Amino acid sequence: MNKAHKNHQIKIVHKPPFPETKNFPGNKPLDSKRLTPLSKTATTEGFLAAASKRKPVIVIDPGHGGKDPGATGSFGTKEKNITLKYSLALKKELEKTGKYKVVMTRKENKFISLSERVRIAQKAGGDVLISIHADSIANPDIQGFSVYTLSERRKDSEAKKLLEKANHEDVIRGANIKGESKDVQEAIINFAQDSSKDISNDFAATIGRNLGKEIHPLVKNQREGSLAVLTGADIPSVLIELGYLSNKYEEKALLDNNHMEKFVLSLTTAINEYFSKFNLVF
Ligand SMILES: [Zn+2]
């Protein structure tokens, strides 16, 4: 968490256990020979048929890095180091399952802009993007992890930007909207964002529930906020705040390998649970 993440509007999101989206954004165009002839690419069924032929791509995005340290704890822990450590541990655990392709937006202490992070995720064909951060707040008593999704407000401003770019580059995977009327472009962008948001909410809820079994959550552990990350239109995205570096007990806990292991195992369980709904794994 840094200054850019302030002013979260707290909202608990209740979603049905299965995303009711017709267009799972992971439904990218695949080699047509690999698709069954009847698969409808614009439906969830189409996605299931297509995606069962490949491993889900999970993009892990360790927050901050390089000249941007993020928050600093009372013992001097830098957010950028904690996020990288947890992200690398998660990558290792996910790869151990053999079920996923894992892509990192950074693997070292390096500054990467937000747009570059999104570009990496889109280029990798990410099915989900998991951004990892650690929080900091003036009140030293506050502690607990939290899970965020992309906010409505951010989405609107993002839609405008995407619309401006739509005639120059591909802004939505699998949909060439160059040359379409502005209304059509807008409708397609909004649709991709809505689908992405439903899936993000469902994914965030799965993560929150699983982490909550092992780790102390912030009282409201799923919130939507205006976050300075996760601006891709069509990749379901969540942001996990590991805990508060401004709380000295939690800062110590975050440095503890057993704590990290609990985090990583719970996240892996959540990811397995999430993708098993789509029969992608197991
Ligand atoms: Zn942060």
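**Exercise 1.** In which helix do Glu-95 and Lys-91 both lie, and how many residues apart are they?

*Solution.* Start with the ground rules. This is a predicted model: local features need pLDDT of at least 70, side-chain atom pairs count only at pLDDT 80 or more, and totals for chains, interfaces and linings use all residues. Residues are numbered from 1 along each chain as its sequence is written, and side-chain values use heavy atoms, without hydrogens and water.

Step 1: Find the helix (a DSSP run of H or I, at least four residues, numbered from the N terminus). Both residues lie in helix α2, residues 79–97.

Step 2: Get the spacing. Glu-95 and Lys-91 are four residues apart, about one turn of the helix.

Step 3: Check the contact. Their side chains form a salt bridge (a side-chain nitrogen of Lys or Arg within 4 Å of a carboxyl oxygen of Asp or Glu), at 3.1 Å from N to O.

**Exercise 2.** Classify Lys-91 and Glu-95: buried or partly exposed?

*Solution.* Step 1: Recall the cut-offs. Buried means under 20% relative accessible area, exposed over 50%, partly exposed in between (1.4 Å probe, protein chains only).

Step 2: Apply them. Lys-91 has 17%, so Lys-91 is buried. Glu-95 has 38%, so Glu-95 is partly exposed.

**Exercise 3.** Which parts of the chain does the pair Glu-273 and Arg-209 link?

*Solution.* Step 1: Confirm the pair. The side chains of Glu-273 and Arg-209 meet in a salt bridge, 2.2 Å from N to O.

Step 2: Place each residue. Glu-273 sits in helix α7 (residues 257–276) and Arg-209 in helix α5 (residues 182–212). They are 64 residues apart, so the pair links distant parts of the chain.

Methods. Helix = DSSP H or I, 4+ residues; strand = E, 2+ residues; numbered from the N terminus.
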